[in-house]
Amino acid sequence: MARIAVVAGDGIGPEVVAQARKVIDAVLPGVTATEYDLGAARYHRTGEVLPDSVLTELAGHDAILLGAVGDPTVPPGVLERGLLLKLRFAFDQYVNLRPSRLWPGTAGPLANVKPGEVDLVVVREGTEGLYAGAGGSLHRDTPAEVATEESLNTRHGVERVIRDAFTRAARRERRRVTLVHKTNVLTHAGSLWARAFEAVAAEHPDVTTEYQHVDAAAMFLVTQPQRYDVVVTDNLFGDILTDIAAAVTGGIGLAASGCINPEGRYPSMFEPVHGSAPDIAGKGVADPVAAVLSAALLLEQLGHPDAAVRVTEAVATELSQRTPGVPLRTEEVGDRLAGYATA
Ligand code: NAI
Ligand code: MG
């Protein structure tokens, strides 16, 4: 039976992760879960972010379920780079999978898009680009201060994530992949991405392809999100575009993600896209759906597609019965989802 590591983290992280675990236990009894105390609270208590010993222990699990880390009291970057990015890089989670659906019953902000019409997935590169940490600074805090941040793109890294996007598209109904980049300005990286895309596309004559510049894609995600099926893009563009995709499909409380090492050499990590939401933490009002949908991605990755479908259908039932504007209780939503998933 699967062994998962749980990093509930800070703020609403523990509140929503508790519901995700409830649902996992309901559809797949017998999963063992080991909790790891990481995040802002531990950082303040001990100064530790991600000790090597913990990294080694995490590596021994089949998957990681993460809530959220972060707090206004921790300097920016400490937990993001030291924990989240370190895990993504150390475990070679090069596919950052971010699906977005406009669920029936959910009110999105777009007047021209009807529930059920949007069903897209962004395959964001997770280990390279501007997030690789290449760069530095000189003469800090002087008028001569210089800072650089370089985008790293390897043929190996780009080709493997594009290949993953095509494999996913080939299994979907519309079988369409959109490459998003900025090849007209970022010509070095853009050319590498475009040539790798063409090469992989040639292996998939059954998949339709298109290319868009990232600024156009930002616009079309708002004006015509229905047009997308699978979108493949670099680390930074994917980060930004997936917040737009979340916003147009009912908000951050519903957005799930997986940081995936497709070969399974390391554990993949599943987490809601949202953060620790300090403004609502402790009130029991956070929407656990993003965490529960992340758990569905986890179940899928661990080879339990039936359990994953039951969880996704439970979410569909829950959302179809919501009345916009009526406040929710985190625990009650979790209880209902566990119930629907096992009905
Ligand atoms: P956030 O996602 O925590 O919150 C943004 C807004 O969305 C807030 O108004 C919040 O109440 C609301 N919200 C978020 N999740 C919700 C849910 N499940 N149900 C209902 N409302 C929800 O982003 P913010 O405020 O920029 O960051 C807060 C902290 O979280 C920061 O320390 C940040 O660094 C960290 N963070 C961590 C992430 C992670 O662990 N993967 C991702 C994003 C931010
Ligand atoms: Mg983000």
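Leaving aside neighbours within four places in sequence, L254 is in contact with T249, D287, V289 and A290, where contact means that the C-beta atoms of two residues, placed from the backbone, lie within 7 Å. This residue of the predicted model is found in the loop that joins α8 (235-247) to β11 (256-260); helices (H or I, at least four residues) and strands (E, at least two) are DSSP runs, numbered from the N terminus. L254 counts as buried because 23 other C-beta atoms lie within 10 Å. The burial classes rest on C-beta atoms placed from the backbone: a residue is buried if 20 or more others lie within 10 Å of its own, exposed if 12 or fewer, and partly exposed in between. R172, by contrast, is 82 residues from L254 in sequence and 21 Å from it in space, C-alpha to C-alpha.

Residues are numbered from 1 along each chain as its sequence is written, while chains are lettered from A and ligands numbered from 1 in the order in which they are written. Because the model is predicted, local features need pLDDT of at least 70 and side-chain atom pairs count only at pLDDT 80 or more, whereas totals for chains, interfaces and linings use all residues.

Ala, Val, Leu, Ile, Met, Phe, Trp, Tyr, Cys and Pro count as nonpolar, Asp, Glu, Lys and Arg as charged, and the others, Gly among them, as polar.

Turning to the overall layout, the protein is divided into domain 1 (1-94 + 260-343) and domain 2 (119-247), with bounds from an automatic or database domain assignment. The centres of the two domains, taken over C-alpha atoms, are separated by 25 Å. Eight residues of domain 1 are in contact with ten residues of domain 2. On the side of domain 1 that touches domain 2, five residues are nonpolar, one is polar and two are charged. An unreviewed UniProt entry annotates residues 3-337 as "domain: Isopropylmalate dehydrogenase-like"; such positions are given in the numbering used here, feature names are shortened, and annotations may be inferred rather than shown by experiment. That span is 40% helix and 22% strand, and its end C-alpha atoms lie 22 Å apart.

In soluble globular proteins, nonpolar side chains tend to be buried together. Here the largest nonpolar core has 96 residues, and V23, L65, V123, V292, A295, L299 and V311 are those with the most contacts inside it. Such a core is a set of buried Ala, Val, Leu, Ile, Met, Phe, Trp, Tyr and Cys residues joined through C-beta atoms within 7 Å. Helix α9 (residues 289-301) gives the most to this core, with ten residues. The core lies between domain 1 (1-94 + 260-343) and domain 2 (119-247), because both give residues to it. Away from its neighbours within four places in sequence, L299 is in contact with I24, L28, H304, A307, A308 and V311.

Helix α10 (residues 305-320) includes P305, which is exposed because 12 other C-beta atoms lie within 10 Å. P305 and A199 are 106 residues apart in sequence and 30 Å apart in space, C-alpha to C-alpha. In helix α4 (residues 78-90), R81 is partly exposed, with 14 C-beta neighbours inside 10 Å.

Strand β9 (residues 208-213) contains Q212, a buried residue with 20 C-beta neighbours inside 10 Å. Not counting residues up to four places away in sequence, Q212 touches T178, V180 and A217. For Q212 and V180, 32 residues apart along the chain, the C-alpha separation is 5.0 Å.

H139, in the loop between β6 (129-138) and β7 (146-152), has a positive phi of about 55° although it is not a glycine. H139 counts as exposed, with 10 C-beta neighbours inside 10 Å. R175, in the loop between α5 (155-170) and β8 (176-181), is likewise not a glycine and has a positive phi near 45°. With 17 other C-beta atoms within 10 Å, R175 is partly exposed.
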